[in-house]
Amino acid sequence: MKQVLLGLFFATIFANVFAQSERYAGAMQKNLEAFAAAKTAAEMHDLSNSFERIADVEKTQWLPYYYAAMTEVLNGYMITDKAGADVIADRAELLINKADAIEKNNSEISCVKSMIASLRMMVNPMQRWQQYGALSSQLIEQAKQQDPSNPRPYALLAQNLFYTPAQFGGGCTTAKPVAEEGVKLLNAFQLKSPLHPSWGKTQFDMVMDQCK
Amino acid sequence: MKQFTLSIIILISVSTAFAQTNIIGTVTDNKKQPVAGASLAIKDSYDGATADSLGRFRFKAFDKGSQILIISAVGYKTIELTIELKGGEIQLPVQLKQEITEISAVVITAGSFEASDRNRVAAVLSSIDIVTTASANGDVTGALKTLPGAQQIGESEGLFVRGGTAAETKTFIDGTLVNNFFFTSTPGIASRGRFSPFIFKGTVFSTGGYSALYGQALSSALILESIDLPEQSSANLNISILSLGAGFQKLSKDKRSSWGVNYNYSNLTPAFAVIKQQQDYLKAPVAHNIDLNYRIKTSKNGMLKYYGYYTTNSLAFTQNSLDSMNYKDKFSLTNGNMYHNLSWKESLKHKWKFTAGVSLSTNKDDISFGMQDAQKNDVLLNGLQFKNFNLNNKGFYGNAKLVLEKKFRGLNALRFGSEYNHSDDKNNITIFNGITFNNRIVENVYALFAEQDVYLTNNLAAKFGVRAEHSALLSKTNVAPRVSLAYKLGKQSQASLAYGIFYQNPELRYQPALNPLIFMKAEHYIAQYQKTTSLTTFRLEAFYKKYDNLIKTSNVNGRDIASSNNGFGDASGFEFFWRDKKNVKNLDYWISYSFLNTKRDFLNFPTAITPNFAAKHTASLVMKKFVTKLKTNVNLSYNYASGRPYYNIQFDPNTNKTYFADRGRIPDYHNVSFALNYLPGIGKKNPKAFAVYVLSVSNIFNIKQVYGYNYSANGMRRQELVPPSRMFVFIGAFISFGVDRTDDAINNNL
């Protein structure tokens, strides 16, 4: 009986731990599905809050903070009045720095940092191009170095180049080869878990479609 | 036992299945406005929600018992509520308090224009705008003349603000006063500013009601902040029809300090050979200019900066004399000027901060007036001997300032400090017969000041300041209160008010006077409305300014000598400013308009009149467009001023009074300027060198501009006072190595 009880006791603990990680995976999965379907700035901000709640509980996981920052940046990209984007960028930066503290030198995190720099540039491109444009490119380079197999820095770069006028060294001529390179990497990329970042296809498809 | 085990299992399952509480409510701010996007989270749980656009929220919480609910939103103070979860439904009205932050709080903008890259509502221009304004010709004050409040004065240098003289505007670099900000005055020609616009990252142009930290300016303060560490080491070269220059800037490996040196040689002989000048130059302007800088980070927020500058320039020209036909008036000038500025700012413990600065400068002018005959021989004409004299001026100036700042909660801050200003002017006049009159004036002004920023809410801010000054020369003390208020009317609009008293010493050239002089005084009242979005700025400002104790002169043996402070005057008007980067695609433009109504009685004026430096209507249109295809930046500006009055004031020895020997109104002023900047290297990856080619043309339509009249000594003859050349063309190339200095180089017009 004693053994049975002891066994039951351990089983309960195991079940709890298992339930915990299952709960985490489940909540993340649910949010990622909502993320895939999200279309408005408000939905992105809602998701950011939701990812942050998970992150604040799972103090050793960097992914919830990563997604919380990512969705907040996308919120900033989607709002029409970019005057408010600085505040959003501030929040995204706070979140990505928390991810950075857990998972150092991560290529995916550098990608989000690059996106934040781009968001800050959008507030006033004429004035901020020099500072934040340079920072954004620098962070893409950093992401490439941190993980040469990561296609996502290529996705950001291809997209940035596509929207840069040809006279400034952008346009299809420079964007397309980057996208082609990125597609190769994306096809070869090994996902560590279903919760890990896997985006990039949309960006590559867009560039490849427009630059046929 | 079995039953016991079963009950445990049941207990566990019950605790997970039935503990569900619905939490619903609304998040509002203290004005009952919904806080959309606010986050609600049960501490240490996934449960929570985001408030919708009406501030409403609804979510399920699965924990039980006493839990902490955290409510947060950007711009609000985060609150934590303890709630009891026991199933069912909890209704929660949540009220958040706004956090007073730099981004959300109202900014006091009355009377001031800021040109900087900080994202503030006060920053109506960016630092690059200072150099990309077509009519500015690369001069620091040029772009400011396209803002409301400043006059379009072409015959002399300086900023004439809201009916004030140029001497009523003082310039400060990193907090300390700059003497001789402009090159030495030349009759009928506006001198340029001495400093390159590229050494400044921020400019605040106050057209009135400025802070108690600054003083000794009746009308306006121009506050310049020098750049910090460069991003990279670089070298640069420039060549133009006016000058040749080279520079080097070195950033240390640890990126904590940098030093730099620049040398520039300018010679206007080639330019004047092509562009005919009104004056007949015996010696075209030639200048050597060298500057040094050193900057070091002393701590995370601490920075020590040194900037040193030395220049020497000379010129000489003649013009047809109005006093004697077939003779010429001769003017020659040699100037040497040295300037040093050392500033240090540091953050201390307990939110204290100090800023200290010292500037020292020396200035030496050797000026000679004379006459020449048609064969260019110096002559001394009978009856006109007074036209031959030499002026030798030597000045030494020192300014030191210390400001301590303590920050309190929610942007509230107290600043106080002290300023000391020393000037020592030696002026020698040698008249035609060799007799020299020596004059030396030493002045020491001591000031104490304090200023308190009060933020009652994000929407209401006030600034209370007071400044006390003691002048050793006048042996007088003044106390000047300053107050400004700002109220946020809406998300993008705000209203500001400003009031202040401003004192200024009579210019040293009026000393010694016939009677002891006292401080001159101005009182400012300003009301402003501003509406800003990220791409547009609209401003409307009305002001009233009252002058007292202005200097009056008396005629003593044919010379005007200061005799009293019985002068007075006032100025009122309104101004309008609109900047738009949004509504016309790819075009950035601003429009400004000023209406000015002013009269004053000072110096030798017979009565209170609108002075000759005040136009009733002034307007500017500035446009900037980057043509991507051509890699070219196109800048266009149009400046307008309605005709200013002109006077010839003569002294009548019989009545011992001055009178108008002539008066009238000059024609309206129009100036269309245009500048092209071609940047062939833009977008190139890692270019080794980056070049910018500049072409600028001022007054492209060759419109005749008249600034007033020059009169013969007896007042019998007059001649139009016009610019040295109607149109001016500038061509230059700027190349930098090692670093992409696109923005810097874009419009380094001169």
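**Close-up views of a predicted two-chain model**

**View 1. Chain A is built from helices.** From the N terminus on, the elements of chain A follow one another as α-α-α-α-α-α-α-α-α, which comes to 9 helices and 0 strands. The model shown here and in the other views is a predicted one. Taken along the principal axes, the C-alpha atoms of chain A fill a box of roughly 80 × 40 × 30 Å. Of the 212 residues in chain A, 42% are buried. Among the contacts in chain A with a separation of 6 or more, 60% are between residues 24 or more positions apart.

**View 2. Two helices of chain A pack against each other.** Two packed helices are described by the angle between their axes and the distance between the axes. In this view, helix α7 (residues 152-163) of chain A packs with helix α9 (residues 201-210) of chain A at an angle of about 35°, and their axes are 9 Å apart. The crossing of α7(A) and α9(A) is left-handed. On the side of α7(A), the contact is made by A:A155, A:A158, A:Q159 and A:F162, while α9(A) contributes A:Q203, A:F204, A:V207 and A:Q210. Sorted by kind, the residues of this contact of α7(A) with α9(A) are 5 nonpolar, 3 polar and no charged.

**View 3. Chain B contains both helices and strands.** The secondary structure of chain B consists of 5 helices and 40 strands, and its C-alpha trace spans about 135 × 60 × 45 Å along its principal axes. Buried residues account for 38% of the 750 residues in chain B. Of the contacts in chain B with a separation of 6 or more, 62% join residues 24 or more positions apart.

**View 4. An open sheet of chain B has 6 strands.** Strands of a sheet pair through backbone hydrogen bonds, either parallel or antiparallel. The strands of this open sheet in chain B stand in the order β9-β8-β12-β13-β10-β11, and their pairing is mixed. Because β9 (123-125) and β11 (176-178) of chain B stand at the edges, each with a single partner strand, one side of each is left without a neighbour in the sheet. Neighbouring strands of this sheet are turned by 35° against each other on average, direction ignored. At one place in the sheet, strand β8 (residues 112-115) of chain B pairs with β9(B) in the parallel sense over 2 bridges, and B:E114 has B:A123 in β9(B) as its bridge partner.

**View 5. Strand β23 of chain B takes part in two hairpins.** Strand β22 (residues 389-407) of chain B pairs with strand β23 (residues 413-431) of chain B in the antiparallel sense over 19 bridges, and B:K394 stands opposite B:K426 in β23(B). These two strands, β22(B) and β23(B), form a hairpin with 5 residues between them, and in the turn B:G410 has a positive phi of about 60°.

**View 6. Strands β34 and β35 of chain B form a hairpin.** Strand β34 (residues 645-652) of chain B is joined by 8 bridges to strand β35 (residues 657-665) of chain B, and the two run antiparallel. Within this pair, B:F651 stands opposite B:T658 in β35(B). There are 4 residues between β34(B) and β35(B) in the hairpin, and B:N656 in the turn has a positive phi of about 60°.

Note on methods
Residues are numbered from 1 along each chain as its sequence is written. Chains are lettered from A and ligands numbered from 1 in the order in which they are written. This is a predicted model: local features need pLDDT of at least 70, side-chain atom pairs count only at pLDDT 80 or more; totals for chains, interfaces and linings use all residues. Two strands pair if DSSP finds at least two bridges between them. A residue is buried if 20 or more other C-beta atoms lie within 10 Å of its own, exposed if 12 or fewer, and partly exposed in between; C-beta atoms are placed from the backbone. Two residues are in contact if their C-beta atoms, placed from the backbone, lie within 7 Å. Axes are lines fitted to C-alpha atoms, for helices over the stretch in contact, and angles run from 0 to 180 degrees between N-to-C directions. A crossing is left-handed if the near helix is turned anticlockwise from the far one by less than a right angle, and right-handed if clockwise. Ala, Val, Leu, Ile, Met, Phe, Trp, Tyr, Cys and Pro count as nonpolar, Asp, Glu, Lys and Arg as charged, and the others, Gly among them, as polar.
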